[in-house]
Amino acid sequence: MATLLIYGSYGYNGRLIAEEATQRGLEPILAGRDREALVEQAADLGLEHRAFGLSDPGAAAEELADVDVVLNCAGPFSNTADELVEACIESGTDYVDITGEIPVIERVKRRSDDAEEAEVTLFPAAALSSVPMDCLAAHLVERMPDATDLALGAETFRPPSVGSITTLFEGLEDGGAIRNEGRLEHVPAGWKSRRIDFGRGIRPAVTMPLGDVSTAHYTTGVSNVEVYVFAPPPSRLALKAHRYVAPLLATGPVREGLKRLAQVLREGPSKRARERGTTYFWGEATDDEGERVVSRLRMSDPYVVTGACALAVAQRVLDGEVGSGYRTPAGEFGPEFVLGIDEAEGFFDEATP
Ligand SMILES: NC(=O)c1ccc[n+]([C@@H]2O[C@H](COP(=O)([O-])OP(=O)(O)OC[C@H]3O[C@@H](n4cnc5c(N)ncnc54)[C@H](OP(=O)(O)O)[C@@H]3O)[C@@H](O)[C@H]2O)c1
């Protein structure tokens, strides 16, 4: 059996994914930098573990010598992806992660030629961001092949995990981002707002720099991409305020304080909350003439979707179905890929938007 190693396996998402992988009979190796946490988790799940940090990619490559696929769940990925990608290219190990960070996806993509030479797959963003919206984007472009603009979005009520909050704070300096004429453009946080029917009535939404700004562009070739999330009024105000307080928030002490607060506040959504969660995805393609098509998708809880997407991608890579170099979900497997994952019932196409 091909060998899967889950790095960051004792974090919130890592734990969910390791448990689900075990239930699927994958027997992953658990890994990360905290030996104590790994020993405990490995005993619980009856799995092998490996403790190693990432400061020396050469040493990390040695730990990966007998591993076929790494699934990186250790975020913020701005601190782990470059190092693990380097180690994977050195050891000839395929790389998958669950980042939603645009700069990380862009940097991983820039290693594509090196990875191809080493015959290694690089598959970042195999998660809520970017599998569903990447597939939705590809589906929309099938409906409208000459689309020039894509707007994509997601709505969920799920509060984020500590790791997601920490990652958000890590990315504070960058504000927002959109894809404009093929290039990444930095814009203020919550730059644009619009009212969107994600699938259960019209809701206020704002632009958000999710990884789909990168993946949807690379998958479809559409030059203009904006990604929106549902944003109730208090969060819209907070995002607007962020433009003015960002320089303060980005200072080390304030950011560290916010991260510690996040740690105190929550352990991550409970099992019960995850069982009840739903995520609504919406996408719109527009052409030069102003014609537009709209499609939607409905899936379960964001964290359940993330785990299911990560394992669906990892399984395909383990099975040797994915080529080397940088890959995107729908670019590799087609738009229908998402329909085989976690209760996605099909694309809901709006006939006359
Ligand atoms: N793309 C998406 O849709 C999506 C969905 C869900 C989550 N995410 C992202 O996934 C990440 C993990 O979320 P989470 O809720 O699982 O976070 P978490 O509970 O804080 O877990 C983070 C894990 O990463 C490890 N880690 C962090 N920095 C590290 C470093 N420099 N070297 C080695 N290990 C490191 C941590 O280990 P230590 O305890 O040793 O620090 C821990 O195991 C976040 O960045 C989140 O934004 C993305």
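Visitor: Which residue in strand 2 is the bridge partner of Ile 6?

Guide: The bridge partner of Ile 6 in strand 2 is Leu 30. Strands here are DSSP runs (E, at least two residues), helices are DSSP runs too (H or I, at least four), and both are numbered from the N terminus. This is a predicted model, in which local features need pLDDT of at least 70 and side-chain atom pairs count only at pLDDT 80 or more, while totals for chains, interfaces and linings use all residues. Residues are numbered from 1 along each chain as its sequence is written, and side-chain values use heavy atoms, with hydrogens and water left out.

Visitor: How many bridges join strand 1 to strand 2?

Guide: Strand 1 (residues 4-7) and strand 2 (residues 29-32) are joined by 3 bridges and run parallel. Two strands pair if DSSP finds at least two bridges between them.

Visitor: What order do the strands of the open sheet have?

Guide: The order is 3-2-1-4-5-6-15, an open sheet of 7 strands with parallel pairing. At its edges are strand 3 (49-51) and strand 15 (325-326), each of which pairs on one side only.

Visitor: Which strands does helix 13 touch?

Guide: Helix 13 (residues 302-318) packs on the sheet and touches strand 1, strand 4 (69-72), strand 5 (94-97) and strand 6 (121-123). Contact means heavy atoms within 4.5 Å. The direction of helix 13 makes about 165° with that of strand 4. Axes are lines fitted to C-alpha atoms, for helices over the stretch in contact, and angles run from 0 to 180 degrees between N-to-C directions.

Visitor: Now helices. At what angle do helix 5 and helix 9 pack?

Guide: Helix 5 (residues 102-110) and helix 9 (residues 212-220) pack at about 40°, and their axes are 8 Å apart. That makes helix 5 oblique to helix 9. Angles under 35 degrees count as roughly parallel, over 145 as roughly antiparallel, 65 to 115 as roughly perpendicular, and the rest as oblique.

Visitor: Which residues make that contact?

Guide: Helix 5 contributes Ile 102, Ile 105, Glu 106 and Lys 109, and helix 9 contributes Val 213, Ser 214, Thr 215 and Tyr 218. The residues of this contact divide into 4 nonpolar, 2 polar and 2 charged. Ala, Val, Leu, Ile, Met, Phe, Trp, Tyr, Cys and Pro count as nonpolar, Asp, Glu, Lys and Arg as charged, and the others, Gly among them, as polar.

Visitor: Different topic. Where does the cis peptide bond sit between Gly 75 and its partner?

Guide: The cis bond joins Gly 75 and Pro 76, with omega about 5°. Pro 76 lies in the loop between strand 4 and helix 4 (81-91).

Visitor: Is Ala 125 buried or exposed?

Guide: Ala 125 is buried, with a relative accessible area of 0%. Buried means under 20% relative accessible area, exposed over 50%, and partly exposed in between (1.4 Å probe, protein chains only). Ala 125 has a positive phi near 65° without being a glycine, and it lies in the loop between strand 6 and helix 7 (131-143).

Visitor: And Glu 181, buried or exposed?

Guide: Glu 181 is exposed, at 56% relative accessible area. Its phi is also positive, about 50°, although it is not a glycine. Glu 181 is found in the loop between strand 8 (176-180) and strand 9 (183-187).

Visitor: Last one: how many helices and strands are there?

Guide: The protein chain has 14 helices and 16 strands. Of its 353 residues, 54% count as buried.
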